[in-house]
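Good morning, everyone, and thanks for coming. I'd like to take you on a short walk through a model, so let me put it on the screen.

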Amino acid sequence: MAKGKVTFKEDICKGCELCTTVCPVKIIVMDRSKINAKGYHPATVTDMDKCIGCANCATICPDVVITVERFK
Amino acid sequence: MAKVLMKGNEAIGAAAIQAGCKYFFGYPITPQSELPEYMARELPKVGGVFLQAESEIAAINMVYGAAGAGARVMTSSSSPGISLKQEGISYIAGAELPCLIVNIMRGGPGLGSIQPSQTDYFQATRGGGNGDYRLVVYAPANIQEMVDLIIEGFDVADQYRNPVMILGDGMIGQMMEPVEFKPPKRREIPEKDWATTGTGGKRKPNIINSLYIAAEDLEAHNIKLQAKYKKIKENEVRVESYNIEDADVVISAYGTTARIAKTAIAKLESEGYKVGLIRPITLWPYPYDEFKKINPNCKGILTVEMNTGQMVDDVKIAVEGKFPVHFYGRTGGMVPTPEAIIENVKKICGGEI
Amino acid sequence: MTIVFERTKGLTDVETHYCPGCTHGIIHRLVGEAMVELGVLDKAIGVAPVGCSVFAYNYFNCDMHEAAHGRAPAVATGIKRVHPENFVFTYQGDGDLASIGTAEIVHAAHRGEKISTIFVNNAIYGMTGGQMAPTTLVGQKATTAPGGRSEEHSGRPIKISEMLATIHGAKFVERVAVNTPANIRKAKKAIIECFKVQLEGKGFGIVEVLSTCPTNWGMTAPEAMKWLEDNMIPYYPLGNFRRPEEAE
């Protein structure tokens with residue numbers, strides 16, 4: 001199974017939650033514990049090991065918050 | 001270069017090409033259609049592009065695009081068509097782009113008529129579009145002058161990065177006169193490093209824009225525009241005046257109407273009357289200062305126009321109440337006669353008015 | 001470890017002003033990526049409309065020109081005629097293109113103008129606060145159609161792609177949507193194919209992109225994506241309406 005890693009540029013996230021709806025392994029949630037520079041709860045990943053690097057989250061993100069890497 | 005007998009509308013095209021204009025976007029409308037027809041024939045011969053747009057609105061926005069891309073570009077129309085272009089002209093002035101706009105005026109308002117008029121003076125000089133902007137407005141009285149003003153007008157547009165308007169009328173567009181095409185005087189024309197040409201990966205993107213969403217920025221932009229207009233006022237006023245130092249009556253008229261006034265003046269002089277003329281060549285910037293040279297004992301100013309009185313307001317501003325200002329005009333496409341002008345002058349001299 | 005997804009050079013690093021979840025952001029990214037992948041970013045000149053994407057000139061990393069409302073295709077025509085070797089595109093919303101600018105888009109297609117248009121259809125006027133657009137669906141509420149659009153009062157919404165596909169000069173016409181990752185990937189392919197039609201000098205190309213407006217639809221971003229699927233796609237079927245081969 002491919003292995004991947006995502007990084008969120010937290011301070012430009014607008015908290016729209018679209019990424020949480022398309023993650024096939026359901027590891028993206030809104031981080032209710034903090035507020036970013038724009039005043040939103042930013043999206044974050046709970047269990048990076050499960051990430052398969054499919055980039056669905058980055059694809060649907062309107063603000064290009066997410067960078068995706070894959071272990072080949 | 002030898003003189004050539006040309007129709008006004010075509011001479012405009014020839015002058016523009018002589019000035020290096022390579023792009024014309026227009027739309028058919030009487031009485032200026034010979035110009036787009038001329039450009040359709042001639043521009044391709046010089047590697048230029050003529051395009052008939054779907055409307056005057058589209059045409060002026062094509063000019064807006066081409067000017068932003070750094071081209072020497074023009075459009076032309078007649079009164080109602082120029083009304084359609086007003087928003088585009090306001091954008092071009094706001095974005096500080098050079099271009100030439102020709103208005104061969106016809107009777108108005110509305111569909112009006114196709115005969116000559118001067119009924120778009122306010123629109124041209126006060127701005128028919130939104131915002132505090134100005135066009136440099138030239139009013140040629142004959143075809144040679146029109147040709148000279150067009151050739152120089154493109155340089156003025158580039159020098160000040162501002163739209164320039166040639167305000168003609170149906171007569172000057174349709175009549176034929178001998179003309180020659182002389183190069184303009186040298187001017188300092190800045191590089192168009194602001195134009196959209198593609199960054200080539202070598203510079204930051206250029207943005208052609210008139211939107212300043214922050215009020216302070218838009219005010220600063222307007223202050224910058226006003227500084228430019230002040231410079232234009234100081235350097236670009238053009239006027240012809242005749243015998244105003246000791247005239248009893250001074251006639252003020254522009255364009256072809258001024259030629260009719262000259263005929264009237266010649267006749268009046270043969271009858272011993274002392275009559276002067278002030279003929280603005282730039283309608284904006286208006287030659288207000290010229291009126292200060294008028295003979296203090298002058299009995300009055302007669303403004304003659306092919307409309308119901310528009311430039312007369314500027315004459316009143318110019319004389320600051322020192323002289324009575326009278327108006328005589330014909331409109332709807334009717335042309336004033338020398339005899340009617342003579343009659344009006346005699347009334348002023350006789351003190352009946 | 002290889003990067004499989006990162007911010008494209010086709011966009012500047014300016015954060016957009018769009019509302020949370022507004023799909024303009026996705027479409028901007030696709031256009032930016034397409035220009036970079038086709039190697040035309042350095043010769044690109046874009047024309048921004050008036051509407052939500054009025055500030056697009058701050059977001060695309062190429063020369064930009066801000067057009068009057070509805071006039072982008074005419075402005076782009078002026079630019080392309082001056083710089084035929086450059087890549088010229090317009091980015092327009094449905095108020096801009098399908099309402100005030102219909103004459104300009106129809107005639108750009110009619111002339112076969114060698115420009116590319118990205119037409120963002122979100123069935124509403126966004127920037128001005130939710131008024132009815134020519135693309136607002138029957139029954140869909142808007143601030144100027146408080147009871148919902150009524151066909152009897154203001155007709156059915158305009159199908160721009162089908163309309164433009166009847167024009168010979170339109171060599172590429174496709175409608176896509178950006179409400180799911182799969183649709184977004186398909187949308188990118190269509191945008192690249194549309195841009196190629198210009199680069200190969202074949203004529204006019206347009207991609208209509210069904211898009212959301214969470215704020216003015218009064219929904220969350222995920223709900224809006226669902227609403228698009230259930231309401232817009234049935235009325236505005238996705239697919240290609242015209243490709244260069246059949247457009248001979």
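**Where chain A meets chain C**

Let's begin with a contact that draws 28 residues from chain A and 27 residues from chain C. Please keep in mind that this is a predicted model. Putting chain A and chain C together buries about 2200 Å², and carbon and sulfur atoms account for 64% of that area.

What about charges across this interface? Between chain A and chain C there is 1 salt bridge. Its partners are Glu15(C) and Lys38(A), whose side chains come to 2.7 Å, N to O.

Which elements of chain A give two or more residues to the side that touches chain C? They are helix H1 (56–60) and strand E4 (66–71) of chain A. E4(A) provides the largest share of that side, 6 residues. Sorted by class, the side of chain A that touches chain C holds 15 nonpolar, 5 polar and 8 charged residues.

**Where chain C meets chain B**

Now turn to the contact between chain C and chain B. Here the area buried is about 2500 Å², with 61% of it from carbon and sulfur atoms. Chain C brings 33 residues to this contact and chain B brings 35 residues.

How many salt bridges are there between chain C and chain B? The count is 2. One you can find on the screen is between the side chains of Asp63(C) and Arg203(B), at 2.7 Å, N to O. Polar contacts across the interface of chain C and chain B come to 14 residue pairs, again with both residues at pLDDT 80 or more.

On the side of chain C that touches chain B, at least two residues each come from strand E2 (44–48), strand E3 (63–66), helix H2 (72–82) and helix H4 (102–110) of chain C. Of these, H2(C) gives the most to that side, with 7 residues. As for classes, the side of chain C that touches chain B is made of 15 nonpolar, 9 polar and 9 charged residues.

**Two helices**

Next, let's look at helix H1 of chain C, residues 24–37. Its 14 residues should span 20 Å at 1.5 Å a residue, and because its end C-alpha atoms are 20 Å apart, the model agrees with that expectation. H1(C) is mostly covered, with 12 of its 14 residues buried. Just after H1(C), look for Gly39(C), which takes a positive phi of about 65°.

Over in chain B, helix H10 covers residues 255–270. Its 16 residues reach 24 Å from the first C-alpha to the last, close to the 22 Å expected at 1.5 Å a residue. Among the buried residues of H10(B) are Ile260(B), Ala261(B), Ala264(B), Ile265(B) and Leu268(B). Just after H10(B) comes another glycine with a positive phi, Gly272(B), at about 90°.

Ser252(B) sits in strand E11 (residues 249–252) of chain B. Is Ser252(B) buried or exposed? Ser252(B) counts as buried because its relative accessibility is 0%, and the cut-off is under 20%. A polar atom of the Ser252(B) side chain lies 3.3 Å from the backbone oxygen of Ile278(B). Beyond four places in sequence, Ser252(B) also touches residues including Tyr286(B), Phe291(B), Leu302(B), Met311(B) and Val315(B).

The other residue is Gln140(C), in the loop between strand E5 (116–121) and helix H5 (151–154) of chain C. With a relative accessible area of 7%, Gln140(C) is buried too. What does its side chain reach? A polar atom of the Gln140(C) side chain lies 2.9 Å from the backbone nitrogen of Leu137(C). Among the residues that Gln140(C) touches, leaving out those up to four places away in sequence, are Ile124(C), Arg149(C), Trp217(C) and Trp227(C).

Notes:
Residues numbered from 1 in each chain as written. Chains lettered and ligands numbered in written order. Predicted model: local features only at pLDDT ≥ 70, side-chain atom pairs only at ≥ 80, totals over all residues. Heavy atoms only, no water. Helix = DSSP H or I, 4+ residues; strand = E, 2+ residues; numbered from the N terminus. Expected span 1.5 Å × (residues − 1). Buried < 20%, exposed > 50% of the residue type's maximum accessible area, 1.4 Å probe, protein only. Contact = heavy atoms within 4.5 Å. Buried area = accessible area lost by both parts, 1.4 Å probe. Salt bridge = Lys/Arg side-chain N within 4 Å of Asp/Glu carboxyl O. Polar contact = N/O pair within 3.5 Å; in protein donor to acceptor, adjacent residues only side chain to side chain. Nonpolar A, V, L, I, M, F, W, Y, C, P; charged D, E, K, R; others polar.
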